[in-house]
Amino acid sequence: MITKKEFVSVIESMNEQFRHDKDYSFLVQSLFKTEDATLYDNDKLIQPLLLLLRKYFPVVDDFCEISHYCYVLDFGKNGDNYESPEEFYDRLVKK
């Protein structure tokens, strides 16, 4: 089983990379006065991390809790209550 510390480290690294990419995209848009600049493709980094985490917390009924947490809930920030990576791990382990 992946430890809470390892899990949190991976989630926080993914979040940090996502925020960095978003800031970079905003700077490029500002520099070139365009809204066409999108986040660059970092799938070669993110997909292996997701696959690794899914080994411990697999997709169930075509629903991935980890992808949902990261991309729909914006790393726990969207929704009524913030869910920290530590709390997210605890919830996944209880399932």
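Here a residue is called buried when its relative accessible area is under 20%, exposed when that area is over 50%, and partly exposed in between, with a 1.4 Å probe and protein chains only. The model is predicted, so that local features need pLDDT of at least 70 and side-chain atom pairs count only at pLDDT 80 or more, while totals for chains, interfaces and linings use all residues. Residues are numbered from 1 along each chain as its sequence is written, and side-chain values use heavy atoms, with hydrogens and water left out.

**View 1. A salt bridge between Lys-4 and Asp-90.** Lys-4 is partly exposed, at 32% relative accessibility, and Asp-90 is likewise partly exposed, with a relative accessible area of 31%. These two residues form a salt bridge (a side-chain nitrogen of Lys or Arg within 4 Å of a carboxyl oxygen of Asp or Glu), in which the closest N and O atoms are 3.0 Å apart. Because Asp-90 lies in helix H4 and Lys-4 in helix H1, the pair ties together parts that are 86 residues apart in sequence. Helices are DSSP runs of H or I with at least four residues, numbered from the N terminus. A search of the whole structure finds five salt bridges.

**View 2. A salt-bridge network that includes Arg-91.** The side chain of Arg-91 meets that of Glu-65 in a salt bridge, with 3.1 Å from N to O. This pair links distant parts of the chain, with Arg-91 in helix H4 and Glu-65 in helix H3, 26 residues apart. Arg-91 also forms a salt bridge with Glu-83, where the closest N and O atoms are 2.8 Å apart. Through shared partners, salt bridges join Glu-65, Glu-83, Arg-91 and Lys-95 into one network. Arg-91 is partly exposed, with a relative accessible area of 29%, whereas Glu-65 is buried at 19%.

View 3. Glu-83 counts as buried, at 16% relative accessibility. When residues up to four places away in sequence are not counted, Glu-83 touches Tyr-69, Phe-75, Gly-76, Phe-88 and Arg-91, a contact being heavy atoms within 4.5 Å.

**View 4. The largest nonpolar core.** A nonpolar core is a set of buried Ala, Val, Leu, Ile, Met, Phe, Trp, Tyr and Cys residues joined through side-chain atoms within 4.5 Å. The largest one has 17 residues, and those with the most contacts inside it are Phe-7, Ile-11, Met-14, Leu-53, Phe-57, Ile-66 and Cys-70. Helix H1 (4–32), helix H2 (43–56), helix H3 (65–72) and H4 each supply at least two residues of this core, and H1 gives the most, with four residues. Ile-66 touches Ile-11, Leu-50, Leu-53, Arg-54, Phe-57, Phe-88 and Leu-92, not counting residues up to four places away in sequence.

**View 5. A nonpolar patch on the surface.** Met-1, Leu-52, Tyr-56 and Val-93 form this patch, with about 370 Å² of accessible area together. Patches are made of residues with over 30% relative accessible area and no salt bridge, like charges being joined within 9 Å and nonpolar side chains (Val, Leu, Ile, Met, Phe, Trp, Tyr) within 5 Å; accessible areas come from the Shrake-Rupley method with a 1.4 Å probe, and for residues only the protein chains shown count as cover. Val-93, found in helix H4 (residues 85–94), is partly exposed, with a relative accessible area of 40%.
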